[in-house]
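This report describes one protein chain, from its overall form down to single residues. Please keep the sequence and the structure in view while reading.

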Amino acid sequence: MQKHKFIIKFNKSVIHERKDNNKLILKPTILKDGFLNNFNYYFIVDDDLLTMENQLINYQNLTGICYVEEVDNLPLDELQRLADKINSYDFVEYAYIEHTDTPPPFRQLLDNKTEQIYDTPNFNPLQSYQGGTPSNHIGIDIEYAWSLGIVGQGIRCADIAGGFNFEHVNLQRKSFINLSPEYPLKNEHGTAVAGIMYAKDMGLGIKGLVHGADTVYGVSEAPAGRVNGIAKALKYLRAGDVFIYELQSMGPRNKYVPADYQKAVWDITKEATDAGIIIIMAAGNGAEDLDHKLYSEYRNRNDDGDNGAIRVGAGNKKYLISTDFTIYDSMIHVQGWGLNVVTTGYNDLYNTGEHNNYTHPFSGTSSATPIVASAVVVIQFMV
């Protein structure tokens with residue numbers, strides 16, 4: 001059974017106190033009907049973030065967001081009935097189900113099986129997304145930035161995803177920091193994303209677009225859910241730094257949509273962008289039109305549907321035409337390569353062990369987002 005988190009945001013006026021173990025205590029008058037006494041509520045934002053000196057993010061605006069521990073493994077239909085009931089209380093801003101398993105990455109299968117390449121361990125020539133605009137593709141021309149000595153220095157980055165291999169030969173270094181050491185390596189999605197941006201310039205494997213960034217923080221969805229993971233990483237970022245969301249949410253038609261479709265993710269994203277942190281998020285691979293009436297509430301949050309994030313769709317490499325699987329329309333701001341990107345991880349291009357493996361068909365908004373984020377990092381250095 002897939003695990004889920006049940007997220008609630010209570011109006012701050014009904015919170016009685018906060019215990020040392022992050023447990024929320026509601027005012028007794030709120031609990032008088034007995035139903036809400038059946039559950040324990042735990043704040044998503046940890047105590048250390050609320051008490052941190054010189055904090056950039058206004059975490060106080062997030063103190064009503066919590067999760068209900070006892071219902072993690074309930075069937076979806078029971079969780080939905082619970083959400084409907086709790087949403088009926090006028091002191092509840094929202095209650096919903098968060099899917100905690102990072103969805104599988106979209107990986108485009110090649111027409112012909114890629115042969116493993118053992119005689120040339122330098123795959124940088126295959127990273128054509130680095131280049132400019134030759135006749136057969138449109139890249140981001142990061143090589144021009146390199147010629148000016150711009151490799152990402154001065155900028156910190158964070159990435160929330162799943163499956164970071166911090167020991168990969170192209171990624172292992174002190175400045176690639178694991179913020180979720182308790183989270184096991186389930187896949188290599190995070191490894192692939194990190195490689196596009198931060199793979200070391202070492203004459204073998206691949207070369208990251210902004211391989212000279214000051215620091216990259218990798219965080220997986222924490223046991224308390226993705227908002228808690230985002231909050232942990234925000235602690236280390238400054239105004240002008242870049243945070244990548246390699247996450248998707250489940251939309252109203254059970255298709256993957258942007259992470260901030262979930263309201264708690266929207267709220268913490270707004271606090272981050274208000275503080276000057278740049279949020280770049282994968283739009284998702286659900287082939288949904290966000291201008292559809294089903295998404296009217298999403299489009300009209302904050303009156304104009306804008307929380308300051310940059311949402312990235314997936315396009316092809318030659319004409320930048322949207323792929324048939326990407327989320328699209330007015331809430332999508334920009335796109336990157338969404339098909340057959342060469343990067344670290346998996347093993348379909350080259351594999352001589354768990355820490356020295358590479359892939360060719362890394363695709364979807366998952367591959368597009370770190371390409372766009374790298375361009376943003378370079379621009380931030382130049383500002």
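## Terms and model

A residue is called buried when its relative accessible area is under 20%, exposed when it is over 50%, and partly exposed in between, using a 1.4 Å probe and protein chains only. The model is predicted: local features need pLDDT of at least 70, side-chain atom pairs count only at pLDDT 80 or more, and totals for chains, interfaces and linings use all residues. Residue numbers start from 1 along each chain as its sequence is written, and side-chain values use heavy atoms, with hydrogens and water left out.

## The chain as a whole

The protein chain has eight helices and 18 strands. These are DSSP runs numbered from the N terminus: helices are H or I with at least four residues, and strands are E with at least two. Along the principal axes, the C-alpha atoms fill a box of roughly 70 × 45 × 40 Å. The radius of gyration of the protein chain is 21 Å, which agrees with the value near 21 Å for a compact globule of 383 residues. That radius is taken over C-alpha atoms, and the globule rule is 2.2 Å times the number of residues to the power 0.38.

Of the 383 residues, 54% are buried. The protein chain exposes about 16200 Å², and carbon and sulfur atoms supply 50% of this area. Accessible areas come from the Shrake-Rupley method with a 1.4 Å probe, and for residues only the protein chains shown count as cover. A contact means heavy atoms within 4.5 Å. Among contacts in the protein chain with a separation of 6 or more, 71% are between residues 24 or more positions apart.

## The antiparallel sheet

Six strands form an open sheet in the order β2-β3-β4-β5-β1-β6, with antiparallel pairing. Two strands pair if DSSP finds at least two bridges between them. The edge strands are β2 (15–18) and β6 (92–99), each of which pairs on one side only. Neighbouring strands of this sheet are turned by 35° against each other on average, direction ignored. Between β2 and β3 (residues 23–26), which run antiparallel, there are three bridges; in β3, L26 is the bridge partner of I15.

Axes are lines fitted to C-alpha atoms, for helices over the stretch in contact, and angles run from 0 to 180 degrees between N-to-C directions.

## Asp267 in helix α6

Which helix holds D267? D267 lies in α6, which covers residues 263–274. D267 counts as buried because its relative accessible area is 18%. Leaving aside neighbours within four places in sequence, D267 is in contact with K9, L62, I65 and Y94.

The side chains of D267 and Y94 are joined by a polar contact of 2.7 Å. A polar contact is a pair of N or O atoms within 3.5 Å; within protein, one must be able to donate a hydrogen and the other to accept it, and residues adjacent in sequence count only if both atoms are side-chain atoms.

## The parallel strands

Strand β10 (residues 242–245) runs parallel to β7 (residues 156–161), joined by four bridges, and I244 in β10 is the bridge partner of D159. β10 also pairs with β13 (residues 278–282) in the parallel sense over four bridges. β13 in turn runs parallel to β14, with three bridges; M281 has R311 as its bridge partner in β14.

In a regular strand the side chains alternate between the two faces of the sheet. In β10, V242 and I244 point one way and F243 and Y245 the other, and all are buried. In β13, I278, I280 and A282 point one way and I279 and M281 the other, and all are buried.

## Two residues with positive phi

Most residues other than glycine have a negative phi. D141 has a positive phi, near 55°. D141 sits in the loop between β6 and α3 (142–147) and is partly exposed because its relative accessibility is 37%.

L320 also has a positive phi, near 60°. L320 is in the loop between β14 (310–315) and β15 (334–337), and L320 is partly exposed at 35% relative accessible area.
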